[in-house]
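Let's take a walk through a protein model, one neighbourhood at a time. Have the picture open and follow along.

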Amino acid sequence: MFSSLLTAAILCVGLQVVNVAAQSAAAYCDSTSGICYQGYTDPTINVTIGIILPPLSTGTAPNRTEFIAEIIAPASFGWTGLSVGGTMAESLLFTVWPYNSEVIFGPRWTAGYVQPTPYSGPIITMLKDTKLNSTHIKASFRCQNCTTWEGGSLGSGDLSGFQLIAYVANDDTPVIDPSNVASNFTEHDQMNFFGLDLSTAHSADYDTYWGAQLEYQQCGGTGWTGSTICGYGLTCVYNSAYYSQCLVE
């Protein structure tokens, strides 16, 4: 399971400042999906974590409560985990592992240092570049209702602030029942952190990353084979049998 070492490391403030300064998120673009993330690749265990958020709202409109993320890890690992809150307890957690040719992925939560259980708050959409091959497993996902969770929030409620990101893995022990997303698993034997400046993690291209059309783009009509989904704040407006486009609601 996720370890109390997550919190223990954070409590060692002096040491943690050094670690975070040495391991900070950087911009990169995924060569398969074209999504440009803020994230970190661990050179020791070959795990990559990337996160990107929608643009910050202007005026009095509330910020959107979602992000897109990816977890890439060796396919040989028993399981890999992500904590977007940087701790084990009262943080939004994600686990991923392989099962035959499938990627088994889901959100979890725990109030203490016990086995995290499936968490029903987030709305997860797996993106098309999620895959499992002979060397790596990749979970690429849109997570709605995910910037706040029971007991915490991204950036402590400031989506332009700072967030410590933690990731863990068990590099040799499979989960108890790999076919079941709710399976129990043994404690991790790998763990690390990096610091994320959330102010750098907002992208104007966010909606196109998960397959939505932007304002004035086509979203329907006879013969149309592209996306019929419009981005945030837009709706697909019928113009004729041959053309519909995304317009502000």
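Start with Tyr-167, which counts as buried at 1% relative accessibility. Here, buried means under 20% relative accessible area, exposed means over 50%, and partly exposed is in between, using a 1.4 Å probe and protein chains only. Before we go on, a word on the ground rules: this is a predicted model, where local features need pLDDT of at least 70 and side-chain atom pairs count only at pLDDT 80 or more, while totals for chains, interfaces and linings use all residues. Residues are numbered from 1 along each chain as its sequence is written, and side-chain values use heavy atoms, with hydrogens and water left out.

Next, have a look at the rings. Rings of Phe, Tyr and Trp (for Trp, its six-membered ring) pair if their centres lie within 6.5 Å; planes under 30 degrees apart count as stacked, over 60 as edge-to-face and the rest as tilted. That rule gives 12 aromatic pairs. In one of them, the ring centres of Tyr-40 and Tyr-167 are 6.5 Å apart and the planes meet at 40°, so this pair is tilted. Tyr-40 sits in strand S2 (residues 36-42) and Tyr-167 in strand S14 (residues 162-170), so the pair ties together parts that are 127 residues apart in sequence. (Strands are DSSP runs of E with at least two residues, helices are runs of H or I with at least four, and both are numbered from the N terminus.) Tyr-40 is buried too, with a relative accessible area of 16%.

Now find Phe-94 and Phe-105, an aromatic pair that is stacked, with 5.6 Å from centre to centre and 5° between the planes. Since Phe-94 is in strand S6 (residues 93-99) and Phe-105 in strand S7 (residues 102-109), this pair ties together parts 11 residues apart in sequence. Phe-94 is buried at 0% relative accessibility, and Phe-105 is buried at 12%.

What about the strands? In strand S4 (residues 66-74), 9 of the 9 residues are buried, so S4 is largely enclosed by the rest of the structure. Two strands pair if DSSP finds at least two bridges between them. S4 runs antiparallel to strand S3 (residues 47-52), joined by 5 bridges, and there Ile-49 has Ile-71 of S4 as its bridge partner. S4 is also antiparallel to S11, with 9 bridges joining them; Glu-70 stands opposite Ser-140 in S11.

Finally, check out two loops. Asn-145 is in the loop between strand S11 (136-144) and strand S12 (148-149). Its phi is positive, about 60°, although Asn-145 is not a glycine, and at 40% relative accessibility this residue is partly exposed. Tyr-216 is in the loop between helix H3 (206-209) and strand S16 (218-220). Its phi is also positive, near 75°, in a residue other than glycine. Is Tyr-216 buried or exposed? At 54% relative accessibility, Tyr-216 counts as exposed.
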